[in-house]
Amino acid sequence: MLKTIRRVVAIICFIAISLLFLDFTATAINGWGWLAKWQFMPALLAMNIPVLVVLLLLTLVLGRVYCSVLCPLGVLQDVISHVRGWLGRKQRRRFGYRRPLVVVRILFLATFALLVMLGFARFAAFIEPYSEYGRIMSSLVKPLYVDINNVLASSQGDDAYTFYAVDYFVTPAAVIVAAVTLIVIGCFAWIDGRLYCNTICPVGTILGYLSRYSWLKPVIDHSKCVKCGLCAKECKASCIDSKSGTIDYTRCVTCMDCIDSCHAGAIKYTRRPASKNVDDGGRRKFLTVGALLAGSAVARAQEKTVDGGLAVIIDKKKPERRTMITPPGSRSHNNFTSHCTACQLCISNCPGNVLRPSAEMKTFMQPEVSYERGYCRPECTACSDVCPAGAILPIDKAEKSSTQIGHAVWVRKNCLPASEGVSCGNCARHCPVGAITMIPSVAGDSESPLVPSVNTERCIGCGACENLCPVRPFSAIYVEGHEIHRTV
């Protein structure tokens, strides 16, 4: 019964979190977007104290249920492991007790904590479970999800509106990183179940050492145990030593598989008698690194055509910006890069296709703002609504409309009125804050072609001018980012 309950809740959470990355109608975000904020590491980086307290108390009472229920990467590993198990009975009962790799676990946790403390969260995110799962979903699964939707939209009748075509862009670098992540984690799960969780994952290490002292846990009744070893063969965490009748609770993910497999009823989920002989070496190492971690937390593109597909429109290219643009609500580069875990939930939920994974080493795989495929609409607050880590803080529409994330810069040599003498004014017509006015290109000659003049004090850097400029591949006007956001 406990195993069934755990599986049902895990499946619900897994589907719900997956839809946060896949759904482009905002139904999932509006319905259960709060679920992203219940992921351990984003909550730690955002210093979401209520969530952290609940998760820690949950671990101290029930054990590592977070890893087997709430963590989507953990559930994904279970799915991969089960797929191999379905290949045959021998494959299903393939596990066995393995000695804990304490030094390796502490080393990975210490490295993770050090990277976060030094402001390199973008690199630490490569072993953070929620971020890894987010990259897999947004860069590998969502493009397929969108393609299927678009095929259904194109195949339905003219009067049907069940499906509608949407555009989604993902960079080759993001696809490669996500694919490598999936292959590595998939191999770990295929070979030995939860080996990744109990070796590399920093969250698994933190919660693992806490769960050693949990109130409820699987306990072996030695008076009933017949030493058959079935529990160890079913244990995907490889933490049950059936010969000595002991369980390594720092690796147990409270999946209840051992309870279900024991025909003698010798394993129950109950309170465990206190042990007099406890090895505190691992605990001391964990507490040291845990304190360090807590301190660091504080301190696709398709070719577009027109004219019946006869005229090819050249895709816009990203301009060389001296300063990158970060989303409204991030406040500053420092706040954004130090808190962002590169889970890419904001990228998956950006309706304007403005956010994409960065290919720059300083912000690798973290979201960056670019306006080749859309612009940041002043009324949209999607990214700030979904960010679970505090990298993009919640803002309302009024704040969004007055937050200056950058300013527009005019490039005379690219501008049609200045270079070819034709009338345009597209940038001024579409500026939502009226920061662009058209003035004569030749001072004192009112008959000369009109060119844009940017009021940098009024411009909020939304990118409407850059995106809607007809010049390609490089727009005649682009946005230069601000390291610290301002209010206009």
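**Note on helix packing and aromatic contacts**

1. Helices α6 (residues 72-85) and α10 (residues 129-155) pack with their axes 8 Å apart, at an angle of about 65°. That angle makes α6 roughly perpendicular to α10. The model is a predicted one.

2. On the α6 side, the contact is made by Pro 72, Leu 73 and Leu 76; these meet Pro 129, Tyr 130, Glu 132, Tyr 133 and Ile 136 of α10. By class, the contact comprises seven nonpolar residues, one charged residue and no polar ones.

3. Eight aromatic pairs are present in the structure. One of them joins Phe 21 and Tyr 130 in a tilted arrangement, with 6.0 Å centre to centre and 50° between the planes. Because Phe 21 belongs to helix α1 (residues 2-22) and Tyr 130 to helix α10, the pair ties together parts 109 residues apart in sequence. Phe 21 counts as buried, at 0% relative accessibility, and Tyr 130 likewise counts as buried at 0%.

4. A further pair, Phe 24 with Tyr 164, is edge-to-face: 5.8 Å centre to centre, 80° between the planes. Phe 24 lies in the loop between α1 and α2 (27-32) and Tyr 164 in the loop between α10 and α11 (172-192), so this pair links distant parts of the chain, 140 residues apart. Phe 24 is partly exposed, with a relative accessible area of 25%; Tyr 164 is also partly exposed, at 42%.

5. Phe 14, Phe 21, Tyr 130 and Tyr 133 form one aromatic cluster.

6. Two charged side chains should be noted beside rings. Arg 135 lies over the face of Phe 126, 5.1 Å from the ring centre. The charged end of Lys 217 sits over the ring of Tyr 249, at 4.5 Å from its centre.

Conventions: Residues numbered from 1 in each chain as written. Predicted model: local features only at pLDDT ≥ 70, side-chain atom pairs only at ≥ 80, totals over all residues. Heavy atoms only, no water. Axes fitted to C-alpha atoms, helices over the stretch in contact; angles between N-to-C directions. Helix = DSSP H or I, 4+ residues; strand = E, 2+ residues; numbered from the N terminus. Parallel < 35°, antiparallel > 145°, perpendicular 65-115°, else oblique. Contact = heavy atoms within 4.5 Å. Nonpolar A, V, L, I, M, F, W, Y, C, P; charged D, E, K, R; others polar. Phe/Tyr/Trp six-rings, centres within 6.5 Å; stacked < 30°, edge-to-face > 60°. Buried < 20%, exposed > 50% of the residue type's maximum accessible area, 1.4 Å probe, protein only. Lys NZ or Arg CZ within 6 Å of the ring centre and 35° of its normal.
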